[in-house]
Amino acid sequence: MFDKLLFPIDNSRETSHALPLVADMAQRYQSQVYLLSVLDDAELGPEQAQQARQNIQTLLKQTESGLHQIGLGNVKSEYREGKVPFVICDMADELEIDLIIMGCRGLSLSGQGRDDSVSNRVINLSPCPVLVVP
């Protein structure tokens, strides 16, 4: 039913709340899990952006390792740059993802979308179902 799961991650508390559900769903349905972390560096200086990239790589490695430790072997990590909700939905479309599981809050949007959450934008743009974990 859910052969491919997409789990967008950041350093938020909500991401950590969603992780056990992702693990449970992946084990239950023997799903391929795609971890995705997106950097929107539009408002960052070069040094800040470089530090953010390093932090993202560390986060992806730690999360993937944690999922491997509980017995999930079918996990892939992806780092991309751009507007977070659009990148999430583009990846879901490219990989023909069956379900996106994400925290209800995360890194907020910048610019015009400041009042709209990433999860809300993903729900409205996604090519597949989205499960938002509070």
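## An aromatic pair

Tyr29 counts as partly exposed, with a relative accessibility of 28%. This value, like those that follow, comes from a predicted model. Phe2, by contrast, counts as buried, at 16% relative accessibility.

How many aromatic pairs does the structure contain? The count comes to one. A pair of aromatic rings is described by the distance of the centres and the angle of the planes. The ring centres of Phe2 and Tyr29 lie 5.2 Å apart and the planes meet at 85°; because an angle over 60 degrees counts as edge-to-face, the pair is placed in that class. The two residues belong to distant parts of the chain: Phe2 lies in the segment before strand 1, Tyr29 lies in helix 1, and they are 27 residues apart.

## Strand 1 and its partners

Strand 1 covers residues 4-8, and four of its five residues are buried, so the strand is largely enclosed by the rest of the structure. Strand 1 pairs with strand 2 in the parallel sense, over five bridges. Within this pairing, Pro8 has Leu36 of strand 2 as its bridge partner. Together with helix 1, these strands make a right-handed β-α-β unit.

Strand 1 also pairs with strand 4, residues 99-103, in the parallel sense and over two bridges. Here Leu5 stands opposite Leu99 of strand 4.

## Helix 2

Helix 2 runs over residues 46-69 and holds 24 residues. Just after helix 2, Gly71 takes a positive phi of about 105°.

Which residues of helix 2 are buried? They are Ala49, Ala52, Ile56, Leu59, Leu60, Thr63 and Leu67. An α-helix has 3.6 residues a turn, so residues three or four places apart point the same way. The buried residues of helix 2 pack against helix 1 (13-29), strand 2 (32-39) and strand 3 (75-81).

## Cysteines

A disulfide is a covalent bond between the sulfur atoms of two cysteines. The structure holds zero disulfides. Cys104 is in no disulfide, and the nearest cysteine sulfur, that of Cys89, is 17 Å away. Cys128 is likewise in no disulfide; its nearest cysteine sulfur, again that of Cys89, is 7.7 Å away.

Are these two cysteines buried or exposed? Cys104 has a relative accessible area of 24%, and therefore counts as partly exposed. Cys128 has a relative accessible area of 12%; because buried means under 20%, Cys128 is buried.

Note on methods: Residues numbered from 1 in each chain as written. Predicted model: local features only at pLDDT ≥ 70, side-chain atom pairs only at ≥ 80, totals over all residues. Heavy atoms only, no water. Disulfide = S-S within 2.5 Å. Buried < 20%, exposed > 50% of the residue type's maximum accessible area, 1.4 Å probe, protein only. Expected span 1.5 Å × (residues − 1). Contact = heavy atoms within 4.5 Å. Pairing = 2+ DSSP bridges. Right-handed = clockwise from strand over helix to strand, strands pointing away. Phe/Tyr/Trp six-rings, centres within 6.5 Å; stacked < 30°, edge-to-face > 60°.
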